[in-house]
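Take the sequence and the model together. Work through one chain, then the other.

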Amino acid sequence: MAEVSLRKIVKAYEGDVQAVKGIDLEIADHEFCVLVGPSGCGKSTTLRMIAGLEEITSGEISIGGTVVNDIPPRDRDIAMVFQNYALYPHMSVYDNMAFGLLLRKFPKAEIDRRVKEAARILDITVLLDRKPKALSGGQRQRVAMGRAIVRDPKVFLFDEPLSNLDAKLRVQMRTEIKKVHQTVKTTTVYVTHDQVEAMTLADRVVVMNHGIIEQVGPPQELYHRPATRFVAGFIGSPAMNFIPARLENGAAALNLVLADGSVLPVPEDRTARYKPHAGRAVLLGLRPEHLTEPREGRGTYADIAIQPEVIEPMGMETLVHFHMGEARDLCARIDPTLSASPGAPLRLTADMAHMHLLDPESGRVV
Amino acid sequence: MAADGSLAGVALRRGAPNSLQRFARRRSSIALLMTTPLLVIIIGLVAYPAFYAIYLSMLNRRMTEFVGTLNYEILLESETFWMVAFQSCFFAITAVLLKALIGFWLAHMLHDIPDKGQRKWRGMLLVPWVIPPALSTLGWWWMFDPSYSSINWLLAVISVPEVPWLGHHWWARIAIIMVNVWIGAPFFMIMYLAALKSVPEQLYEAAAIDGATGFQRLRYVTLPMMANIISITVLFSLIVTFANYDIVRVLTNGGPRDLTHVFASYAFQVGILSGNIPRGAAVSLFMLPLLALCAFFVLRGVVRRNKEQM
């Protein structure tokens, strides 16, 4: 077990294309750290540099306090689970799992003990004699995890391991991975483009975009206190709504004036924070669950009149898609018992206590 | 259509189909019809000549009398025939082995060159395989010529004594193998290169993380993943090399003292040049059981691996 440390890591390809632009990251011992971001954000490249499968252009990676920049993958004491499992098709499940130990010249009895123990944890004991061809996607994924577990490495690396599975199996395997981590507690770096996977699995989520780290934090922090527009929009499904507005000084407090002239009050406890931005164009960020049917009670609520474009009944909630002036692709979550239909006027309430204010130029949350 | 929606109802209304219509509607009949052109070609160009060769090998020299296995018995008692059998096996096994090794090495070298520069090397390395063998063998024949051998001239530069390339039977055998390897190695190279490209990169990465050295990756990933291509290429080359005729014919014509003949060139010598077609046919038919045995074991391995892995 070990901590992983990335210092000023840069990965540049020919033609000066930088896939990773000088990132710093400290991953603690036993931590489950998820790198998440869209395609091409540099998350897989970062993972492959930790594994030693990609050379580092500059910077320093250390595992367990040892700088591993020039150490080949086999000597880094890591194990990796690949997106397409990378099982050796000519070997049985047992041999696939035993291969790493065999190369490290472990005694046969020890190999046998470890393989059977990992098979027991992953519930694949009955599959040990089969070839990968005879396994389903989920079973192959378990074998790939078993191959990593038997090695008892310092760090587990997962490269989008659930991407090839169907939606139902993905949820099931997600739970399995979490269970395994709770059992073996090995430091884990997990790469995914799926923010739901990131939120459900991680102790800490690292959101990457265009080769840089946008924000690092526990899932709840990222969800409730995003630092940038990218993080606010990427974490959460459906995504956060962004509505252009102007921050104006009101009689008693600050107000947000939307393009159609509607005025939304800013909660009093935010006045001091937002005051320096008064008179400027801003972006109002509101998650769909904070844009709901009218509510009574304490809090800062503001009514908004909309015309739904698309209604999506989800069972436990209904999603209403609409637009307000230039702000397109907006979404609200309403009670499924309420009747709403496309084109028919609908009144919504914005829960301003959960609002976010963003600077449209820098893209940072104020 | 009938009430149940089947086409059979249509036929019933128009009257029961006759046996020809039933035959034409069967899937197996359509399959037979579609494969007929191929069957005709195989029967005409493979089966008929093969059976005709067997028939010929059982006739006397003048092809007027059936003599049973007499030609085979005479051959089995002939010292020259056993020498030809040895030379054929020695030639085929050594040449195929060398072609496989050199082809494997070249494929690896090419695989490591970035795609951009790989094409021109691939093209250049394929040249020996593309030139008609009779022509390129003629070129080699000049290079082996005792009076003005360019190879001997090069050897003299590094103070190696002159080699009687085509004058001594062992050197002549080596020369034949050299030329065959020169012509055939690119075929192995291109087949192995295709196989190498089809091995998923992630298997190598997984092996590297599992702790495999370069040699262990070759041993535990590359070779098992290429096993089928290696087997089929070796089998194919073994058949072609075993039946090779043109290199021996152009380079040594079986000499010196008939010591470099292989089955095909000896069969030609006995059957065509010496006018004993039945005996020539018998010589050539000796290749059949040997190659059939090789093909059986190789293809059995391929089928087994396919069942396990694909």
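The paragraphs below go from domains to strands, cysteines, loops and helices.

This is a predicted model, in which local features need pLDDT of at least 70, side-chain atom pairs count only at pLDDT 80 or more, and totals for chains, interfaces and linings use all residues. Residues are numbered from 1 along each chain as its sequence is written, chains are lettered from A and ligands numbered from 1 in the order in which they are written, and side-chain values use heavy atoms, with hydrogens and water left out.

Start with chain A. It is divided into domain 1 (4-227) and domain 2 (241-358); the bounds come from an automatic or database domain assignment. The C-alpha centres of these two domains of chain A lie 40 Å apart. An unreviewed UniProt entry annotates residues 4-235 of chain A as "domain: ABC transporter". UniProt positions are given in the numbering used here, feature names are shortened, and such annotations may be inferred rather than shown by experiment. Residues 4-235 of chain A are 37% helix and 26% strand, and the end C-alpha atoms of the span lie 24 Å apart. Helices (H or I, at least four residues) and strands (E, at least two) are DSSP runs, numbered from the N terminus.

Now find strand β8 (residues 187-192) of chain A. Six of its six residues are buried, so β8(A) is largely enclosed by the rest of the structure. Buried means under 20% relative accessible area, exposed over 50%, and partly exposed in between (1.4 Å probe, protein chains only). A:Thr187, A:Val189 and A:Val191 point one way from the strand. A:Thr188, A:Tyr190 and A:Thr192 point the other way. Residues on both faces are buried.

What does β8(A) pair with? Strand β3 (residues 32-36) of chain A runs parallel to β8(A), and five bridges link the two. Strand β7 (residues 155-159) of chain A is also parallel to β8(A), again over five bridges. Two strands pair if DSSP finds at least two bridges between them.

How many does the structure hold over all chains? The count is zero. A disulfide is counted here as a pair of cysteine sulfur atoms within 2.5 Å. The closest cysteine sulfur to that of A:Cys33 is in A:Cys41, 13 Å away, which is too far for a bond. A:Cys33 has 0% relative accessibility and counts as buried. A:Cys331 is buried as well, at a relative accessible area of 3%.

Next, look at a sheet of three strands in chain A. The sheet is open, the order is β15-β20-β16, and the pairing is antiparallel. β15 (291-292) and β16 (301-306) of chain A stand at the edges, each with a single partner strand, so one side of each has no neighbour in the sheet. Two bridges join β15(A) to strand β20 (residues 346-351) of chain A in the antiparallel sense. There, A:Leu291 has A:Ala350 of β20(A) as its bridge partner.

Two loops of chain A deserve a stop. A:Ala86 sits in the loop between β6 (78-81) and α2 (93-103) of chain A. Its phi is near 50 degrees, a positive value in a residue other than glycine. A:Ala86 counts as buried, at 5% relative accessibility. A:Pro238 is found in the loop between α8 (229-234) and β11 (241-249) of chain A. The peptide bond from A:Ser237 to A:Pro238 is cis, with omega near 0 degrees.

Turn to chain B. It is divided into domain 1 (18-56) and domain 2 (75-309). Their C-alpha centres are 35 Å apart. The unreviewed UniProt annotation "domain: ABC transmembrane type-1" covers residues 85-298 of chain B. Over that span the chain is 80% helix and 0% strand, with 22 Å between the end C-alpha atoms.

Follow helix α11 (residues 214-242) of chain B. A straight helix of 29 residues would span 42 Å at 1.5 Å a residue, but α11(B) spans only 35 Å between its end C-alpha atoms. The expected span is 1.5 Å times one less than the number of residues. α11(B) has a kink of about 55 degrees, centred on B:Ala227. The bend at a residue is the angle between axes fitted to the seven residues ending there and the seven starting there.

End at B:Asn253, in the loop between α12 (246-251) and α13 (263-273) of chain B. Phi of B:Asn253 is near 55 degrees, a positive value in a residue other than glycine. Is B:Asn253 buried or partly exposed? B:Asn253 is partly exposed, with a relative accessible area of 40%.
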